[in-house]
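Subject: Structure for you, with notes

Hello,

Here is the structure I promised to pass on. Please open it next to this email and follow along.

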Amino acid sequence: MLTPGREVEVTLVKQLRPGLSYPAVVIRDDGNHAVVRAPWAGPKERDAGYVRFEQGDVWTEHFWRDRWYSVKEIQAADGRIKGWYCDVARPARVEEGRVTVHDLELDLWLSGDRQTLLRLDEDEFVASGLPERDPGTAARARAALDELEELARAGLDELLAA
């Protein structure tokens, strides 16, 4: 288990483009659900169309060792919740000082006001070749996206509090 208050390296492994690694601080870890907090790891601002990621944003990231997704709550520098970015990914591999997640390209966005819910990157999922190369994993990924959508419609609160 990760130790609260300690720094860890979070690594997101991508199929179609370079991955990303960044430092984060452990908030809690119950042996299955690990929560870390990190500032926006991008080198500059990024306008995704549905939200703008910027310097000063704080990401509280939830990873599970047994679920095929992670959920990231994005808070603006002024404390306002921008929303939740949900990645469909293989269950997190958590080791001392490191959290590694293999992204499966499908994503979901829930706005901070909970009025906008978007399924994202289905084209990247298809372009990754995963549906043809590994139909079983692709089916798990699609099921995880469906589960995330149901959880998001319920507000995500129960999931993130556990």
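Below are notes on a hairpin, some aromatic rings and one leucine.

Please keep in mind that this is a predicted model.

**The hairpin**

Start with strand E10, residues 98-111, and strand E11, residues 117-120. The two run antiparallel, and four bridges join them. Look for Asp107: its bridge partner in E11 is Leu120. Together E10 and E11 make a hairpin, with five residues between them. Arg114 sits in the turn and has a positive phi of about 65°.

**The aromatic rings**

Two values describe a pair of aromatic rings: the distance of the centres and the angle of the planes. The count here is seven aromatic pairs. Two of them are worth a visit.

Take Trp40 and Trp59. Their ring centres are 5.6 Å apart and their planes meet at 25°. Planes under 30 degrees apart count as stacked, so this pair is stacked. Where do Trp40 and Trp59 lie in the chain? Trp40 is in the loop between strand E3 (33-39) and strand E4 (46-47). Trp59 is in strand E6, residues 58-64.

Now go to Tyr50 and Trp109. Their ring centres are 5.3 Å apart, with the planes at 45°, so this pair is tilted. Tyr50 lies in the loop between E4 and strand E5 (52-53), while Trp109 belongs to strand E10, so the pair ties together parts that are 59 residues apart in sequence.

Trp109 has 1%, so Trp109 counts as buried.

Both pairs belong to a wider group. Trp40, Tyr50, Phe53, Trp59, Tyr85 and Trp109 form one aromatic cluster.

**Leu106**

Return to strand E10 and find Leu106 there. Its relative accessibility is 1%, so Leu106 counts as buried. Which residues does Leu106 contact, leaving aside its neighbours within four places in sequence? Among them are Cys86, Asp87 and Val88. Leu120, Asp121, Glu122 and Phe125 are also in contact with Leu106.

Best wishes

Technical notes
Residues are numbered from 1 along each chain as its sequence is written. This is a predicted model: local features need pLDDT of at least 70, side-chain atom pairs count only at pLDDT 80 or more; totals for chains, interfaces and linings use all residues. Side-chain values use heavy atoms; hydrogens and water are left out. Two strands pair if DSSP finds at least two bridges between them. Rings of Phe, Tyr and Trp (its six-membered ring) pair if their centres lie within 6.5 Å; planes under 30 degrees apart count as stacked, over 60 as edge-to-face and the rest as tilted. Buried means under 20% relative accessible area, exposed over 50%, partly exposed in between (1.4 Å probe, protein chains only). Contact means heavy atoms within 4.5 Å.
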